[in-house]
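Hi everyone, thanks for coming. Today I'd like to walk you through a structure that may be new to you, so please have a look at it while I talk.

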Amino acid sequence: MASLSYLKRPISETPQFQLISADQPPIPSKFSTIHPLRRTSFQFSQSRVSGISPRRSHVVKASSIESTRVYDIPLLSASEAIERLRRNKESYKSTQRYLAMYSSVFGGITTDEAAMVIPMDDHMVHRGHGVFDTAAIVNGCLYELDQHLDRFLSSASKARINLPFDKETTKTILLKTVSASNCKNGSLRYWISSGPGDFQLSPTGCHQSALYAVVIQDQSPPNYKGIKVITSSIPIKPPQFAIMKSVNYLPNVLSKMEAEENGGYAAIWLDEEGFVAEGPNMNVAFVTKENELLMPSFDKILSGCTAKRVLELAGDLVKEGKVRGVKVKDVTVEEGKGAEEMMLIGSGVLVRPVLQWDDQVIGNGKEGVVTESLRKLILEDMKSGPSTVRTIVPY
Ligand SMILES: Cc1ncc(COP(=O)(O)O)c(C=O)c1O
């Protein structure tokens with residue numbers, strides 16, 4: 001991977017690069033014959049890499065340069081590359097900080113963000129042969145870790161990836177990673193991949209499956225405001241793929257983008273028979289006119305850990321008489337759009353009210369009591385639920 005090819009590409013296709021040129025902007029014609037690795041008087045550098053001093057002071061905006069140029073890129077040593085990774089990370093603002101990463105490839109935990117990388121030849125990177133899951137870190141405990149871990153390992157088995165470690169070892173590694181991060185409130189994300197090996201389609205050249213985990217601290221405040229959803233025009237994944245949490249999230253990403261472009265928060269998928277399925281990273285639920293909590297069945301969609309916990313906690317609302325009952329079944333679009341309440345449920349959104357679906361206002365257009373009560377129950381469960389849903393991190 002060390003060799004650099006001689007790049008010849010339209011500037012318009014490489015917006016992340018700026019030309020750092022000499023005082024006379026035009027590039028000399030001999031430039032096109034200069035060896036790619038020889039330093040020249042012109043150099044491109046990543047614009048987001050701060051602190052890399054251009055060898056010449058004049059910076060020409062990419063847009064002002066004629067469309068095709070030949071340029072060279074420096075050949076970096078490993079330490080120079082790491083240093084640039086560090087500066088690159090420092091140069092952009094994000095609400096998220098990565099506090100620790102475990103990688104079975106380097107067999108340890110790092111707290112240096114610049115080192116939080118995975119090999120380019122990992123089958124998960126170039127073929128999408130990997131699975132992932134999450135768990136929230138709340139007041140020094142991991143919420144629903146066992147439930148997420150079970151789904152994680154089951155996704156790995158569905159993706160035919162040999163487990164790098166057994167469940168208990170995986171759990172210990174995850175807890176040690178959170179402990180090393182010292183994060184008390186945040187989230188943990190973890191992946192099992194077929195592992196590095198080569199760039200072939202078949203995983204037979206991947207010598208060892210890999211486990212990666214990252215602890216993330218998010219500074220953005222929680223947002224439970226009511227939102228609009230649309231019906232996704234991006235096709236839903238076939239059930240075989242929808243029921244596992246693989247890294248193949250392109251349909252999910254495109255459907256999220258479609259929602260955002262149409263003033264929505266998420267796009268809702270319908271299944272092949274037209275029943276309500278799920279959102280791109282959340283489940284959906286409704287409160288019917290008969291005051292029943294209604295959720296689409298999980299056989300063709302991802303079995304959401306949060307949604308399943310909501311179904312358990314909803315028993316309290318039944319006892320209190322806030323809902324008449326709880327049903328998991330096929331839900332028609334008519335039932336969904338005609339519901340009194342609609343909500344999105346997942347680790348990311350927790351329980352968030354949907355006030356409009358396409359052109360249809362849901363209920364009275366305000367958050368309903370059941371949605372609000374379920375969110376309170378989940379938030380309470382995260383802070384002080386039983387040991388079956390809260391695993392204490394040994395800091
Ligand atoms: C497609 C999809 N459905 C549902 C969910 C909700 O699952 P959970 O509550 O376990 O986060 C997710 C979570 O990421 C998801 O990606």
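This is a predicted model: local features need pLDDT of at least 70, side-chain atom pairs count only at pLDDT 80 or more; totals for chains, interfaces and linings use all residues.

The protein chain has nine helices and 20 strands. Of its 395 residues, 34% are buried. Now consider the contacts in the chain with a separation of 6 or more: 72% of them are between residues 24 or more positions apart.

Seven strands make up an open sheet, and if you walk across it the order is 7-6-11-10-8-9-20, with antiparallel pairing. At the edges sit strand 7, residues 108-110, and strand 20, residues 390-392, and each of these pairs on one side only. On average, neighbouring strands in this sheet are turned by 25° against each other, ignoring direction. As a quick reminder, strands of a sheet pair through backbone hydrogen bonds, either parallel or antiparallel.

Strand 8, residues 130-138, and strand 9, residues 141-143, run antiparallel and are joined by two bridges. If you'd like a landmark, Ile-137 has Leu-142 in strand 9 as its bridge partner. Then look for helix 3, residues 145-158, which lies across strand 8, strand 9, strand 10 and strand 20. Relative to strand 8, helix 3 runs at about 175°.

Next, the helix pair. In general, two packed helices are described by the angle between their axes and the distance between the axes. So how do helix 7 and helix 9 cross? Their axes come within 10 Å, at a crossing angle of roughly 110°. Angles from 65 to 115 degrees count as roughly perpendicular, and helix 7 and helix 9 are therefore roughly perpendicular to each other. On the helix 7 side the contact includes Thr-306, Arg-309, Val-310 and Leu-313, and on the helix 9 side Val-370, Leu-374 and Leu-377 are among the residues involved. By type, the contact residues divide into eight nonpolar, two polar and three charged.

Now for strand 14, residues 283-287.

With strand 17, residues 341-346, strand 14 pairs in the antiparallel sense over five bridges, and Met-343 in strand 17 is the bridge partner of Ala-285. With strand 15, residues 292-295, the pairing is again antiparallel, over two bridges. There you'll find Phe-286 opposite Leu-294. Strand 14 and strand 15 form a hairpin, with four residues between them.

Which residues surround the ligand? The list is Glu-278, Asn-281, Met-282, Asn-283, Leu-302, Gly-304, Cys-305, Thr-306, Ala-307, Gly-346 and Ser-347. By type, the shell holds four nonpolar residues, six polar and one charged.

Finally, a few single residues. Most residues other than glycine have a negative phi. Asn-291, in the loop between strand 14 and strand 15, has a positive phi near 65°. Asn-291 has 14 other C-beta atoms within 10 Å, so it is partly exposed. Arg-160 also has a positive phi, about 55°, without being a glycine. You'll find Arg-160 in the loop between helix 3 and helix 4, and it counts as exposed because 9 other C-beta atoms lie within 10 Å.

My last stop is Glu-335, in helix 8, residues 333-337. Glu-335 has 16 C-beta neighbours inside 10 Å and so counts as partly exposed. Leaving aside residues up to four places away in sequence, Glu-335 touches Phe-286 and Thr-288. Between Glu-335 and Thr-288 there are 47 positions in sequence, yet C-alpha to C-alpha they are 7.5 Å apart in space.

Terms used: Residues are numbered from 1 along each chain as its sequence is written. A residue is near a molecule or strand if its C-beta atom, placed from the backbone, lies within 6 Å of it. Ala, Val, Leu, Ile, Met, Phe, Trp, Tyr, Cys and Pro count as nonpolar, Asp, Glu, Lys and Arg as charged, and the others, Gly among them, as polar. Two strands pair if DSSP finds at least two bridges between them. Axes are lines fitted to C-alpha atoms, for helices over the stretch in contact, and angles run from 0 to 180 degrees between N-to-C directions. Two residues are in contact if their C-beta atoms, placed from the backbone, lie within 7 Å. Angles under 35 degrees count as roughly parallel, over 145 as roughly antiparallel, 65 to 115 as roughly perpendicular and the rest as oblique. A residue is buried if 20 or more other C-beta atoms lie within 10 Å of its own, exposed if 12 or fewer, and partly exposed in between; C-beta atoms are placed from the backbone.
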